[in-house]
2 protein chains.
Amino acid sequence: MTTSFHAVIPAGGSGTRLWPVSRVARPKFLHDILGMGRTLLQATWERTEGLADPSHTWVVTGEAHVDAVREQLPHVRDDRLVAEPAPKDSAAAIGLAAMLVHREDPEAVIGSFSADHSITNTAEFLSVVQHAITAAAQTGDIVTIGVTPTYPATAYGYIKTGDLLHLEGAPTARRAAEFVEKPNAATARVYAYSGGYRWNAGMFIMQASVLIDFLAAQAPDLHAGLTRIAEAWGTPCQREIMDEVWPQLEKKAIDYVVAEPAAAAGRVIVIPGDFGWDDVGDFDSVAKLRQPVPGESAGVSAIGAGVEVVDIESRGVVISETGRLVALVGVDDLVVVDTEDALLVTSRAHAQQVKAAVAGVDRAGRGDLL
Amino acid sequence: MTTSFHAVIPAGGSGTRLWPVSRVARPKFLHDILGMGRTLLQATWERTEGLADPSHTWVVTGEAHVDAVREQLPHVRDDRLVAEPAPKDSAAAIGLAAMLVHREDPEAVIGSFSADHSITNTAEFLSVVQHAITAAAQTGDIVTIGVTPTYPATAYGYIKTGDLLHLEGAPTARRAAEFVEKPNAATARVYAYSGGYRWNAGMFIMQASVLIDFLAAQAPDLHAGLTRIAEAWGTPCQREIMDEVWPQLEKKAIDYVVAEPAAAAGRVIVIPGDFGWDDVGDFDSVAKLRQPVPGESAGVSAIGAGVEVVDIESRGVVISETGRLVALVGVDDLVVVDTEDALLVTSRAHAQQVKAAVAGVDRAGRGDLL
């Protein structure tokens, strides 16, 4: 049996903790926040090229970002680029993609991969996803990837793993016992060192029809709305129906609408994946993923075109969009983010609290900087 | 006896530790580095207005700064604004001013006050300087002001005080036993708590003729050069002689050429002065002198026109020339200096090491930023 596979890239999310690089008008996935020479979206697209060709690769993004996405992904097909009139979270985005795939290809398996994550080992990623595709086609279950925790993260959700399933073509696949929310530090430590929990990397691989069935059962209104949109897709009414129906859709994460109920019903499979995954959630992640290399500086990573850093007894990361010279003197684990209209200085340890600063900027009446 | 008094404001020095606000082309004294609504030079001028009118107030500055000085000090007289073709330190600057004063007014007392220091209590300053003027006119000695140490500073030179002189009109005047260089921390602690040492605020008050005599005795070449310049002053040859002689002058501090030998000869008087003096030597000084006031922020001082700071659990000082919003998150005692072409981030504790960063900027080939 040859499985037809479609990759879905939900390109949404605000990346508030990466402000002031990430903005409402130009969020995280559109930036080369790691200084790799390509944006997070471009890196995601390149990875999925190993899974599906452009005719099988869908990008779902906000209307405001369609032009930027098209510019960054010259090979994305117009009929695979789905524009959301408003952000409605992942259940709507991936659900619509599933329906559009299903109309063309009722047997297809789809896999969703966020546009703003980082993976160091693409070969391993591709191999694991192939196992997931095989498992999804074989079982009709929802397959997810569970990343081995490398530290007791409190910023990630976890998946409790169950029995080994001994599936053909997916030898490491296990039953997923439960999805658990971001834990506190004490719980995270237990999870990380137990061997029985894995990070939820937000990747879901399943037959399109299976996802649609779960939506019908768990979120019938959402299912009905998406069905109306999918039926009008490609017709002269596409735009009209989209604009009428989409704004009314429930805003729900696919985790809550599909993955958790499916796990409770014993219908989720988890495949261990150790390919250097990180959700690039804050500047501490950025600093970790982009440690300085000899020749750059002893302790400071410099990210950004033409960025010039002079550092004296300092450690940290400088992200610059301005090309100004940045001098650091005697500062430790500092994060400096230099953009044309806003400057952020924080420490790696406080990276999660950048969100509070963004709220403060809003309160200060500077919505133009969000 | 009515003493004729002339104030001399040497407006020089690079203020390297206040980079990137202070630049070679626009040094410290030309900046409102404390956010007081006037530059350090303007504040100095305003203070000396209580001592001398514009016909008796001299400003000695680099040729490159003459226009800026004239712009900042609308009342400075052209014939009292002395332009140095090159920086030759304080002995040449104050020595020339003394000779120019002496030509007009052989009995005059002069006092020199750096253009880039801060004083909180002007009334007390004026009162102390009046005592110094009286002492200088009465004794023919060099009179200096000794500031009571408020902490064991290692960035200031000290004056060891001797016996009380019981001078009429200057009841607190003492003999100065010795000038000592910037001490190490252990020595500074001894000095500060001994009661027998005072900070050398670099203020010298003396009869112009006395300074000239000391120059003749201690630095005959410098004296000869300055004499040639002073003789040509106001003649058609002024410019020619200045350009010929000035570049050859010895570069010496008045402390070494005059004050120390005079002290060794028992010819220096020190008058205690407690008027909130600070040399604004680095950003730690700036942060100390400009602590946040309620209403601004709990912990962050914001200096600069239109500067906007959003701070979350942070303490420190932000100095901005760009008007960009600056967000601080979880950083302590930080110093952020935001200018159009260079950004400095350091801590108050490392403020002295900014000099090393400036050297690094130079080494990096960015002399344009110095």
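Trainee: What rotation superposes chain B on chain A?

Mentor: In this predicted model, a rotation of 180° with 0.0 Å of shift along its axis brings chain B onto chain A, with an RMSD of 0.0 Å. That is the relation of a two-fold axis.

Trainee: And which C-alpha of chain B is nearest the axis?

Mentor: That is the C-alpha of B:Val345, which lies 4.2 Å from the axis.

Trainee: How much area do chain B and chain A bury between them?

Mentor: The two chains bury about 2700 Å² between them, and 62% of that is on carbon and sulfur atoms. On the side of chain B, the residues B:Arg324, B:Val329 and B:Leu343 supply 24% of the area buried against chain A, which is more than any other three residues.

Trainee: How many salt bridges are there across the interface?

Mentor: The rule finds 4 salt bridges between chain B and chain A. One of them joins A:Arg366 to B:Glu308, and the closest N and O atoms of that pair are 2.6 Å apart. Counting polar contacts instead, chain B and chain A have 22 residue pairs, with both residues at pLDDT 80 or more.

Trainee: Let's turn to the sheets. What is the strand order in the one that starts with S12(A)?

Mentor: This open sheet has 6 strands in the order S12(A)-S14(A)-S16(A)-S17(A)-S15(B)-S13(B), and the pairing is mixed. Its edge strands are S12 (300-303) of chain A and S13 (308-312) of chain B, each of which pairs on one side only. From one strand to the next, the twist averages 10°.

Trainee: Do S12(A) and S14(A) run parallel or antiparallel?

Mentor: They run parallel and are joined by 4 bridges, and within this pair A:Ser301 stands opposite A:Val317.

Trainee: What does helix H11 of chain A touch on that sheet?

Mentor: Helix H11 (residues 354-363) of chain A packs on the sheet, where it touches strand S17 (342-347) of chain A as well as S13 and strand S15 (325-329) of chain B, and its direction makes about 140° with that of S13(B).

Trainee: And what is the order in the sheet that starts with S13(A)?

Mentor: There the order of the 6 strands is S13(A)-S15(A)-S17(B)-S16(B)-S14(B)-S12(B), again in an open sheet with mixed pairing. Strand S13 (308-312) of chain A and strand S12 (300-303) of chain B stand at the edges with a single partner strand each, so one side of each is left without a neighbour in the sheet. In this sheet S12(B) pairs with S14(B) in the parallel sense over 4 bridges, and B:Ile303 stands opposite B:Ile319.

How values were computed. Residues are numbered from 1 along each chain as its sequence is written. Chains are lettered from A and ligands numbered from 1 in the order in which they are written. This is a predicted model: local features need pLDDT of at least 70, side-chain atom pairs count only at pLDDT 80 or more; totals for chains, interfaces and linings use all residues. Side-chain values use heavy atoms; hydrogens and water are left out. Copies are superposed by least squares on the C-alpha atoms of residues with pLDDT of at least 70 in both. Two strands pair if DSSP finds at least two bridges between them. Helices (H or I, at least four residues) and strands (E, at least two) are DSSP runs, numbered from the N terminus. Axes are lines fitted to C-alpha atoms, for helices over the stretch in contact, and angles run from 0 to 180 degrees between N-to-C directions. Contact means heavy atoms within 4.5 Å. Buried area is the accessible area (1.4 Å probe) that two parts lose on being put together, summed over both. A salt bridge is a side-chain nitrogen of Lys or Arg within 4 Å of a carboxyl oxygen of Asp or Glu. A polar contact is a pair of N or O atoms within 3.5 Å; within protein, one must be able to donate a hydrogen and the other to accept it, and residues adjacent in sequence count only if both atoms are side-chain atoms.
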